[in-house]
Amino acid sequence: MELLDADRIKGIVSRDDVTLEVLWSTGSTNTYLMGMSAERFSGYKVCLAEQQQAGRGRRGRRWISPFGSNLYMSLARRFTRESTNLGGLSLAVGIQVVKALKAYGVAGVGLKWPNDVMMDQGKLAGILVEVGPPINHHTHTVIGIGLNTHLSREDRLKIDQPPGTLEGMDLSRNELAGQVLNSVIFGLDRFAEKGFSDFYREWDSYNLYRGKEVTVHLGDQGINGVDAGVDTSGNLLLNTVDGVRVCNAGEVSLRAGAGR
């Protein structure tokens, strides 16, 4: 077991505007950083934990967070309210996570709208963006990333969809954490300057469902169509029998027989 080392990760991130800490255990790294929304800071606050007792995914789902494996990290950053539209932020972060994984040597990794990082076995990582109250013309934003490196059989049974992991790879959790943080911070700086319109064409390079028949689940409703990528705001474009449908919410799944 390789425990997380704040100094080692800081050495990889190597930026003066990043404050980074590693917690032994916490309820949720996102909740921990959201609780600092009233504090003054510039740049980034980063929190990693060896264990989350109440890890959270999208739509209130539980994120399984056993001790001493996987990566549970969150970044806090303030965006200026006047200049930054946060639409598509989670998609931009997903692109940066995939870039970091590919650079680390992870094969067969890509994205499923809106922000699932996928590989052959299933969902490898998830992203949760939360926005706090406005403070002095800034928006306190926390970006949470959960990435599976290893899951026991017992932990797998607690997850409601097939998980992907990095088992079998010779990896360092500290090195991987540093590389993912570097890539995500670079992407957040780019997003703050140009918004998602600078990313949306790049999304297609990593979209595993592009051109495939999918269903978008909205509550009890299912909309069938062909994944046609995303627009400049990060909305999914779905080619349906009634024309192009723009989806800004929902869960995507492949239709039977559509293949991977």
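## Stop one: a serine in a helix

Keep in mind as you click around that this is a predicted model. Start by selecting Ser183, which sits in helix α5, the stretch covering residues 173-194. Is Ser183 buried or exposed? Its relative accessibility is 13%, and the cut-off for buried is under 20%, so Ser183 counts as buried.

Now show what is around it. Leaving aside residues up to four places away in sequence, Ser183 touches Gln96, Lys99 and Ala100. Gln96, Lys99 and Ala100 belong to α3, and they are among the residues of that helix that meet α5.

## Stop two: where two helices meet

Next, select helix α3, residues 89-104, together with α5. How are the two arranged? Their axes are 8 Å apart, and the helices pack at an angle of about 140°. Angles over 145 degrees would count as roughly antiparallel, so α3 and α5 are oblique to each other instead. The crossing of this pair, α3 and α5, is right-handed.

- On the α3 side, pick Leu89, Ala92, Val93, Gln96, Val97, Lys99, Ala100, Leu101 and Tyr104.
- On the α5 side, pick Glu175, Leu176, Gln179, Val180, Ser183, Val184, Phe186, Gly187, Leu188, Arg190 and Phe191.

Sorted by class, the residues in this contact between α3 and α5 are 13 nonpolar, 4 polar and 3 charged. Ser183, where you began, is on the α5 list.

## Stop three: a proline in a loop

Move on to Pro163, which lies in the loop between α4 (153-156) and α5. With a relative accessible area of 11%, Pro163 is buried.

## Last stop: zoom out

Show the whole protein as a cartoon. You can look for 6 helices and 12 strands. Along its principal axes, the C-alpha trace spans about 55 × 45 × 30 Å. How does the radius of gyration fit with a compact globule? For 260 residues, such a globule would have a value near 18 Å, and the protein has 18 Å, so the two agree.

Finally, take the contacts between residues at least 6 apart in sequence: 66% of them join residues at least 24 apart.

Terms used:
Residues are numbered from 1 along each chain as its sequence is written. This is a predicted model: local features need pLDDT of at least 70, side-chain atom pairs count only at pLDDT 80 or more; totals for chains, interfaces and linings use all residues. Side-chain values use heavy atoms; hydrogens and water are left out. Helices (H or I, at least four residues) and strands (E, at least two) are DSSP runs, numbered from the N terminus. Buried means under 20% relative accessible area, exposed over 50%, partly exposed in between (1.4 Å probe, protein chains only). Contact means heavy atoms within 4.5 Å. Axes are lines fitted to C-alpha atoms, for helices over the stretch in contact, and angles run from 0 to 180 degrees between N-to-C directions. Angles under 35 degrees count as roughly parallel, over 145 as roughly antiparallel, 65 to 115 as roughly perpendicular and the rest as oblique. A crossing is left-handed if the near helix is turned anticlockwise from the far one by less than a right angle, and right-handed if clockwise. Ala, Val, Leu, Ile, Met, Phe, Trp, Tyr, Cys and Pro count as nonpolar, Asp, Glu, Lys and Arg as charged, and the others, Gly among them, as polar. The radius of gyration is taken over C-alpha atoms; the globule rule is 2.2 Å times the number of residues to the power 0.38.
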